[in-house]
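I opened the model today to look up how its parts are arranged, and I kept these notes as I went.

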Amino acid sequence: MASAIIVDGLEKSYGTKKAVNCISFNVNQGEIFSLLGPNGAGKTTTVEILEGLRERDAGRIEVLGMDPWRQGYELHKRIGVIPQGFSFFDKQKPVEAIQYYAELFGVKVSAQKILEKVILEEAADTVFEDLSGGQRQKLGLALALVNDPEVLFLDEPTTGLDPQARRNLWNVIQGLKEGGRTVLLTTHYLEEAELLADKVAIMNHGEIMTSGTPEEIVSKYGSGKKIVIKGGEGVYSAIVRSGISGAFRNDNGEVSVPVRDRRDIISLVTSIESAGVTWGDIRTEEDSLEDVFVKLVGGTMDEGELRSKGVREGNSP
Amino acid sequence: MNLKRVYADFKVYRREYLRNRLGLFFALAFPVIFILLFGAIFSGAGSSSVAVYVQNLDANSNVSAAFIQSLNSTGVLNVKVVDISGNLSNYLLSHSLSNGIVIPRGFASDYENGKSVNVTVYTDPADSTSGIVLGAVSGVINGFNLKRVGASPVVGLNSATVNAHSTKYIDFLVPGLIGFSILTSPMFSMVNVTAEYKKFKRFKQLSLTPLTKGEWLVSKVIWYTILSFAAFVLMVFFGTAVFGANLRLSLIIIPFLIAGPTLFISLGMLVGIVTKSIESAGVIGNIITFPMMFLSGTFFPISTMPHFLQLVARFLPLYYVIAGLNDVMVFSNISTAYYNLAVTVAIAAVIFVLAARLFKWKEK
């Protein structure tokens with residue numbers, strides 16, 4: 001499959017601060033690629049360089065075969081962008097905004113059809129300042145679609161939205177993928193990346209820590225299958241005494257134990273039963289992208305802010 | 001330059017402006033309020049006469065009555081006779097009045113007998129009308145002295161105006177307020193727009209479309225030029241229809257209505273570009289705009305200001321816009337108007353180039 005975006009050894013510094021440190025990745029045509037990372041990871045700088053809004057210090061980049069900084073004017077006719085914190089003129093209605101962009105791009109479009117595509121037709125005549133957060137982001141997406149772009153750059157399109165608005169926008173983005181467009185999506189919502197992206201790159205401190213499909217990343221860095229048993233100190237002690245390693249208690253009064261196959265499960269249950277302790281529900285689990293992110297980055301994300309994770313009892317990183 | 005894109009951007013900006021009634025108020029209604037206010041204060045009928053309170057202690061004499069009549073006849077004094085029971089000085093103080101005259105007892109008999117007699121004139125040196133009162137009373141006293149000795153004035157006075165027609169305050173106010181509109185609307189708007197676009201990254205957004213910096217700038221120049229023409233029509237209409245302003249119109253006014261807004265759009269952009277926040281842009285914008293508004297001949301002719309302020313005014317770009325408009329509309333002095341137009345265009349070009357160079361769509 002042909003590459004829509006090629007990034008090879010990209011570097012960018014602001015003064016002495018290295019914002020992007022020698023990163024490389026490829027995005028194939030028709031793919032949703034997600035750059036995932038906390039605030040300050042270098043996602044927006046990377047995207048703005050790819051959009052031709054910032055000049056790089058080093059490295060080779062191509063978007064649709066063009067150098068974004070040198071051929072930005074031509075490139076912009078073939079890409080669509082929702083910048084981070086998208087805003088528009090307060091007193092303009094979505095229909096007028098689409099018409100404005102169509103006139104700037106010199107294309108004839110049906111504003112109504114574009115609004116239907118992003119599920120915003122009910123607010124077609126509402127001025128921007130009266131739109132909800134979700135509707136504003138949808139308008140951003142509508143404007144990004146005016147020139148029928150081959151590649152879309154969506155920089156944190158769902159930040160600050162309520163869960164319902166976020167899900168609505170996810171549906172719209174999935175619809176774009178089905179329409180065959182290439183999408184580069186930056187986000188700090190792990191769930192969003194896991195749900196939408198074909199490939200993910202986890203960024204932190206300007207570097208890509210890993211990349212691949214979400215399944216590949218989980219398989220490479222995850223701790224495999226585990227059994228989660230409802231039970232307290234007694235269950236935990238019984239497992240430790242039986243010599244099974246890697247068990248840890250979480251905050252919900254559950255004990256988690258990594259397992260390789262069915263024999264491990266049988267031996268685990270047997271050891272708890274023989275200890276005569278009370279135990280409740282039992283289920284199998286696998287690491288999610290979030291678990292892998294925590295391992296790689298060393299914290300969880302809350303609206304993009306990285307929070308250090310508490311040490312888990314009995315668990316080795 | 002793609003004119004379709006210029007027009008598209010112009011339409012959006014115009015719609016934004018017209019839907020934001022505050023902007024329209026400051027652009028058009030505010031100068032109209034000013035012309036009605038200042039026009040009424042300084043150009044109303046009889047408003048040029050100064051009230052003077054006269055205490056006639058020689059109440060029953062024909063001479064004192066004739067003296068009061070003469071004061072009234074000057075046309076610059078509006079005599080109001082007060083009661084003779086109290087002290088005039090105290091009366092003026094207690095009523096917050098500035099000008100008064102006391103005609104002493106025995107004024108008529110002393111005058112007829114050729115005996116020296118003084119009328120007392122009270123004025124407040126801090127009040128600009130004191131000179132008018134002293135001059136007028138002095139003139140009336142001279143007339144009475146000549147009449148007493150049966151003499152006629154040897155040196156007379158012919159009054160003439162510099163212009164072919166006499167100028168009134170309103171004649172200067174109309175070009176001044178046109179200049180005011182040319183300054184305030186583009187300047188305040190562009191300071192705000194530029195700082196806001198920067199803050200909300202709208203320049204970045206626009207840079208992702210085929211719209212160019214030049215096209216964006218031209219659409220703003222067109223909009224504020226149209227606003228300046230609208231302000232010009234309103235000012236001339238209210239000035240002439242309501243206050244009888246005597247103004248001359250010429251095609252040379254048109255370049256002032258284009259170069260002026262271009263100058264202040266660029267200056268506003270420059271302030272918005274170099275400041276770090278919307279708030280600081282507003283403060284710097286005010287620091288630049290307000291002195292210019294008051295010292296460039298907007299509300300009063302420059303010639304009425306102290307010499308050093310007249311020198312300061314020559315460093316303010318608005319001075320040349322208003323001076324040029326005055327040259328055309330008040331003095332019909334086209335050659336001087338060309339000079340002021342050339343200076344306006346030169347300043348506009350320098351600031352426009354500076355703003356355009358510092359104005360970045362993209363970031364390094």
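How far apart do the C-alpha centres of domain 1 of chain B and domain 2 of chain B lie? I found them 48 Å apart. Before going on I noted that this is a predicted model, in which local features need pLDDT of at least 70 and side-chain atom pairs count only at pLDDT 80 or more, while totals for chains, interfaces and linings use all residues. Residues are numbered from 1 along each chain as its sequence is written, and chains are lettered from A and ligands numbered from 1 in the order in which they are written.

**Chain B, domains.** I read domain 1 as 3-43 + 164-358 and domain 2 as 50-148, with bounds that come from an automatic or database domain assignment.

**Chain B against chain A.** I looked up the contacts (C-beta atoms, placed from the backbone, within 7 Å) and found 21 residues of chain B in contact with 19 residues of chain A. On the chain B side, the elements that give two or more residues are α1 (3-19) and α8 (202-207), and α1(B) supplies the largest share, seven residues. Helices here are DSSP runs of H or I with at least four residues, and strands are runs of E with at least two, numbered from the N terminus. I sorted that side of chain B into six nonpolar, four polar and eleven charged residues, where Ala, Val, Leu, Ile, Met, Phe, Trp, Tyr, Cys and Pro count as nonpolar, Asp, Glu, Lys and Arg as charged, and the others, Gly among them, as polar.

**Chain B, sheet.** I then followed an open sheet of four strands in the order β2-β1-β3-β4, with mixed pairing; two strands pair if DSSP finds at least two bridges between them. The edge strands of this sheet are β2 (77-81) and β4 (120-122) of chain B, each pairing on one side only. β1 (50-56) and β2 of chain B pair in the parallel sense over five bridges, and B:Ala51 stands opposite B:Asn78 in β2(B). Helix α3 (62-73) of chain B packs on the sheet, touching β1, β2 and β3 (100-103) of chain B, and its direction makes about 145 degrees with that of β2(B). For such angles, axes are lines fitted to C-alpha atoms, for helices over the stretch in contact, and the angles run from 0 to 180 degrees between N-to-C directions.

**Chain A, three-stranded sheet.** Here I found an open, antiparallel sheet in the order β2-β1-β4. β2 (17-28) and β4 (58-63) of chain A stand at the edges with a single partner strand each, so one side of each is left without a neighbour in the sheet. β1 (3-14) and β2 of chain A pair over nine bridges, and A:Ser13 stands opposite A:Lys18 in β2(A). Helix α1 (43-51) of chain A packs on this sheet, touching β1, β2 and β4 of chain A, at about 120 degrees to the direction of β1(A).

**Chain A, strand β12.** Is β12 (254-258) of chain A largely enclosed or left open? Four of its five residues are buried, so β12(A) is largely enclosed by the rest of the structure; buried means 20 or more other C-beta atoms within 10 Å of the residue's own, exposed 12 or fewer, and partly exposed in between, with C-beta atoms placed from the backbone. β10 (225-230) of chain A pairs antiparallel with β12(A) over five bridges, while two bridges join β11 (248-249) of chain A to β12(A), also antiparallel. I noted that A:Val255 has A:Ile229 opposite and is also the bridge partner of A:Arg249. In the hairpin of β11(A) and β12(A), with four residues between the strands, A:Gly253 takes a positive phi near 75 degrees.

Note on methods. Contact = placed C-beta atoms within 7 Å.
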